[in-house]
Amino acid sequence: MSAPKTESDSTHSQSTWSPETWREKIAKQQPVYDSPAELNDVLTRLAKLPPLVTSWEIENLKRSLAAAGEGKCFVLQGGDCSEDLDECSTESVVRNLKVLMQMSLVLMYRSMKPVVRLGRIAGQYAKPRSKETETRDGVTLPVYRGDIINRSGFTESERRPNPELLLRGYERSALTLNFIRALCAGGFADLHHPENWDLGYASTSKEASRYRDLVQSIGDALRFMETVADASISQLERVDIFTSHEGLHLTYEQSQTRPVPRRDGWYNLSTHFPWIGDRTRDLDGAHIEYFRGIQNPIGLKVGPSMTADELKSVVDCLNPKNEPGRLMLIHRFGSEKIADCLPQLIQAMQQNGSNVVWCSDPMHGNTFSAENGIKTRHVRQIENELLSAFEIHRSEGSVLAAAHLELTGDNVTECVGGARGLKEEDLKKAYKSQVDPRLNYEQAMEISFLIAEQLQQNS
Ligand code: PEP
Ligand code: CO
């Protein structure tokens, strides 16, 4: 590990920051509301509401991320591409948690390392889009930007950016988080009872039986340990699940950014871990300006257009004190580009002495349109990008500390391939995502066994 950087290493750290200095910069991907008065009224109401997370939790996550950066634990970040206000239900929260729990159990058992669970959940409501408008049958409307901004239905009123949705998104995030916290504290997350995480519909799949075999071994090992120690291993009765979302909608993020007693600086209290998307990471843009000033651990998506010099400047700006655990670089190049893109960026970070936590997102560089026009991803390419990521980090002497996946416990058909060999013709059967295609339960489990093997190789 290298020495902390001094203030003079970064020009950005010398300029003053406040939660609204981003307004002086160009902010990409922001909705235009037709009534500023209506927006201001909502923002005033939002700013008064209690926070969703606390600075203690945020600092704990930062410490865990620092440990992950040193290879002491692994971070599993996963969930929907975009949450849906109407899908905020018992079933969907439970299903997504079950997959995260099962996957993390596989990873822990095989790697013998703790796993930090970071959901794309409880706030993942704003989406960057490639076009401003969408045209269907000669009718052009504003593009859908996520449920916190407008709705996916193709009518003028649904596509109008509606400030009230900011409140609905905040409330759904609170409801989701409340349920997650109650489940985790109340026995659902007890490692002694992994049967709580069974997904009924998937019980006959090959991945489920592979998982059940593993659960059987874990149960035996736990019972053995407890018999020998003559006590229950109580730390295994609860786990933490942290939340994350893309901090895209800066007006919303600002309304949740607050000072806290007895700590320095400002915290974004809407989530433990906000990240900057690949489309809004311009060094001089509003997103970097907002993110540089908050105390949370943060993510930065890094796509193929990122150069080594640009990365150095962005990293120095976002983490001027070179704090371990502060910054996760989430690379998403695509299985064909990763070998060309990643090594030079790792080398740049090593030369710069930067403490960063490396994460592979094998989803966003591998999206393509199937013959029938449906947006999909192939499990094989996702696996290939992950395998390359592990291999490249190994050969460059750095640590791949995390994986970032779009997945659901719902029985969807959005990505092709996988053990069941889902074909392009199958996509229509249960394609529910409004935005990017997610791994279904079996595909997600398959990926977790693959990551587990890689972690085993590393240890
Ligand atoms: C996403 O994570 O859903 C996303 C839009 O990713 P990226 O910024 O990597 O394109
Ligand atoms: Co996505």
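Me: Which way do strand 10 and strand 11 run, parallel or antiparallel, and how many bridges join them?

Reply: Two strands pair if DSSP finds at least two bridges between them. Strands (E, at least two residues) and helices (H or I, at least four) are DSSP runs numbered from the N terminus. Here strand 10 (residues 327-331) and strand 11 (residues 357-360) run parallel, joined by 4 bridges. Met328 has Val357 of strand 11 as its bridge partner. Helix 10 (residues 338-352) packs on the sheet and touches strand 9 (298-302), strand 10 and strand 11, its direction making about 170 degrees with that of strand 11. Touching is contact, heavy atoms within 4.5 Å. Axes are lines fitted to C-alpha atoms, for helices over the stretch in contact, and angles between N-to-C directions run from 0 to 180 degrees.

This is a predicted model, in which local features need pLDDT of at least 70 and side-chain atom pairs count only at pLDDT 80 or more, while totals for chains, interfaces and linings use all residues. Residues are numbered from 1 along each chain as its sequence is written, chains are lettered from A and ligands numbered from 1 in the order in which they are written, and side-chain values use heavy atoms, with hydrogens and water left out.

Me: How many strands does the closed barrel have?

Reply: The barrel has 8 strands, in the order 1-2-5-8-9-10-11-14, with parallel pairing. From one strand to the next the twist averages 25 degrees. Helix 11 (residues 379-396) lies across strand 1 (74-79), strand 10, strand 11 and strand 14 (400-406), at about 165 degrees to strand 14.

Me: Which residues of strand 2 point one way, and which the other way?

Reply: In a regular strand the side chains alternate between the two faces of the sheet. In strand 2, Val115, Arg117 and Gly119 point one way, while Val116, Leu118 and Arg120 point the other way. Strand 2 (residues 115-120) has 6 of its 6 residues buried. Buried means under 20% relative accessible area, exposed over 50%, and partly exposed in between (1.4 Å probe, protein chains only). Strand 1 pairs with strand 2 in the parallel sense over 6 bridges, and Gln77 stands opposite Leu118.

Me: Why does Phe74 count as buried?

Reply: Phe74 counts as buried because its relative accessibility is 2%. Phe74 is found in strand 1. Beyond its neighbours within four places in sequence, its contacts include Leu107, Val116, Phe390 and Ile451.

Me: Which residues are closest to ligand 1?

Reply: A residue is near a molecule if one of its heavy atoms lies within 4 Å of it. Ligand 1 is surrounded by 13 residues, the closest being Arg120, Lys127, Asp278, Lys301 and Arg332. A polar contact with it is a pair of N or O atoms within 3.5 Å. An oxygen atom of ligand 1 lies 2.8 Å from a backbone N or O atom of Asp278, and one is 2.8 Å from a side-chain N or O atom of Lys301. For the side chain of Glu406 the distance is 3.1 Å. The protein covers 97% of the 300 Å² of accessible area that ligand 1 has on its own.

Me: Where does Asn322 lie?

Reply: Most residues other than glycine have a negative phi. Asn322 has a positive phi of about 55 degrees and lies in the loop between helix 9 (308-318) and strand 10. Asn322 is buried, at 4% relative accessibility.

Conventions. Polar contact = N/O pair within 3.5 Å; in protein donor to acceptor, adjacent residues only side chain to side chain. Areas by Shrake-Rupley, 256 points an atom, 1.4 Å probe, with all protein chains shown as cover.
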